[in-house]
Amino acid sequence: MPSAKIFYDSDADLSLLEGKTIVFLGFGNQGAAQAQNLRDTGIPNDKILIANRPDSYADDAKSKGFIVENDIAKAASVADVIFLLIPDQVQPRVFNDVVQSTLKDTATIVVASGYNVFFKLLQFKPTQDVVMVAPRMIGSSVRSLFVKGQGFPCFASAEQNGTGKALEIAVALSRAIGATKAGAIASSAYEETAMDLFAEQALWPNIITLFREGFSVLKEAGCSDEALCYEMWMSKEPAEIFERAAEDGFIAQLKYHSVVSQYGQLSGALALDGVAVREHFKNILHNQVLNGKFCKEFSKIEADLEKDGYDNPLNELYRKTEETELVQAEKRVRARLADLIKSGQQ
Ligand code: NDP
């Protein structure tokens, strides 16, 4: 595979955005951060419109000086560019039923995640541009790094080139939200979705399982709940390791550990051949993620995610997970800590 192209500030032509009305659908995690960054880059406030139902998100946008339109279809009708920054699971419903009917034939639609584009859940007109500008950070970091004058990692791509300028517009928008300062990586909805869902459905479930089973084995061997919780995550050691891995290198960070630890980690990892894990990972990637199986199943339960109690399948998953030894033990440890803090304050 060739190396990915990286777009920097100098690759972006902000004049492509001149005179365009830019609508942000959603003022949540990403919406609030990206709209503020875009305005601070110099896009005039009267060219930015926040589309949001009348609630605390709309109030937040107003308090930050933005023009807010509560009627989403009306907001979409004036958009030259529309950022879809509402949760992925509601995008098909809102975009296909409300937004698309009034959207211009030459509008640019911006997604911050490849999911709905890769699985073809959004109905675009062939004359429209569809671009992905997908920060690899939570919204608060997208904003705070911009304020500090730094960039943040981001993927950019043109997914549909209706106007012939889709990629140039994607790069200009990446710069406008502050992403090209550190370099926006040329990617695709396919790549973003494959990596994101793989991490969520293969990598992290295995990491959760390793911690859960490791906890039980050490508990069986006589270790206390308190010692285990601190040893395994509450000390923040794993967070620090990943911080170092990002700064110094995935393996290079080992130099901060004792020699006993370095020897144990490297020899232990080399002794595991990983064949079974690799086969399991391939199976998840090809037979659950890329073939659309997960997407199809998730679409079926999407509406239930707004229900209360255990009729909501996500709540049911939390309930089952809470039964595990690790979660029960952590609850006891945290309750004890809270009691200790309370008694210390009296
Ligand atoms: P949020 O959960 O923060 O979105 C909240 C916003 O969506 C609010 O403005 C809310 O307003 C609006 N919203 C929710 N439901 C509806 C609805 N049914 N109709 C209209 N508006 C609705 O989303 P995120 O910012 O987390 O995610 C937005 C996009 O960014 C997604 O594609 C996500 O994958 C992507 N992304 C997210 C990252 C993150 O860190 N969270 C990182 C990188 C990309 P109201 O409820 O008032 O309607």
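## Burial and overall architecture

Of the 346 residues in the protein chain, buried residues account for 37%. The model is a predicted one. The secondary structure of the protein chain consists of 15 helices and 9 strands. Taken along the principal axes, the C-alpha atoms of the protein chain occupy a box of roughly 65 × 50 × 45 Å.

Asn52 instead presents a polar side-chain atom, which lies 2.6 Å from an oxygen atom of the ligand. For Arg53, a polar side-chain atom likewise lies 2.6 Å from a ligand oxygen. Taken alone, the ligand exposes 890 Å², and 80% of that area is buried by the protein.

Gln91 is located in helix 4. With a relative accessibility of 4%, Gln91 counts as buried. The side chain of Gln91 forms a polar contact with the side chain of Asn116, at a distance of 3.0 Å.

## Aromatic pairs

The structure contains 9 aromatic pairs. One of them joins Phe118 and Tyr190 in a tilted arrangement, with 5.8 Å from centre to centre and 55° between the planes. Phe118 belongs to helix 5 (residues 115-118) and Tyr190 to helix 8 (residues 189-220), so this pair ties together parts that are 72 residues apart in sequence. Both partners are partly exposed: Phe118 has a relative accessible area of 24%, and Tyr190 has a relative accessibility of 45%.

A further pair is formed by Phe215 and Trp233; the ring centres are 6.2 Å apart and the planes meet at 40°, so the pair is classed as tilted. This pair also links distant parts of the chain, since Phe215 lies in helix 8 and Trp233 in helix 9 (residues 225-234), 18 residues apart. Phe215 is buried, with a relative accessible area of 0%. Elsewhere, ring pairs connect Tyr115, Phe118, Phe119 and Tyr190 into a cluster.

## Cysteines

A search of the whole structure identifies 0 disulfides. Cys223 illustrates the spacing: the closest cysteine sulfur to that of Cys223 belongs to Cys229 and is 12 Å away, which is too far for a bond. The cut-off for a disulfide is a sulfur-sulfur distance within 2.5 Å.

Cys223 counts as partly exposed, at 31% relative accessibility, whereas Cys295 is buried, with a relative accessible area of 5%.

Definitions and conventions:
Residues are numbered from 1 along each chain as its sequence is written. This is a predicted model: local features need pLDDT of at least 70, side-chain atom pairs count only at pLDDT 80 or more; totals for chains, interfaces and linings use all residues. Side-chain values use heavy atoms; hydrogens and water are left out. Buried means under 20% relative accessible area, exposed over 50%, partly exposed in between (1.4 Å probe, protein chains only). A polar contact is a pair of N or O atoms within 3.5 Å; within protein, one must be able to donate a hydrogen and the other to accept it, and residues adjacent in sequence count only if both atoms are side-chain atoms. Accessible areas come from the Shrake-Rupley method with a 1.4 Å probe; for residues, only the protein chains shown count as cover. Rings of Phe, Tyr and Trp (its six-membered ring) pair if their centres lie within 6.5 Å; planes under 30 degrees apart count as stacked, over 60 as edge-to-face and the rest as tilted. Helices (H or I, at least four residues) and strands (E, at least two) are DSSP runs, numbered from the N terminus.
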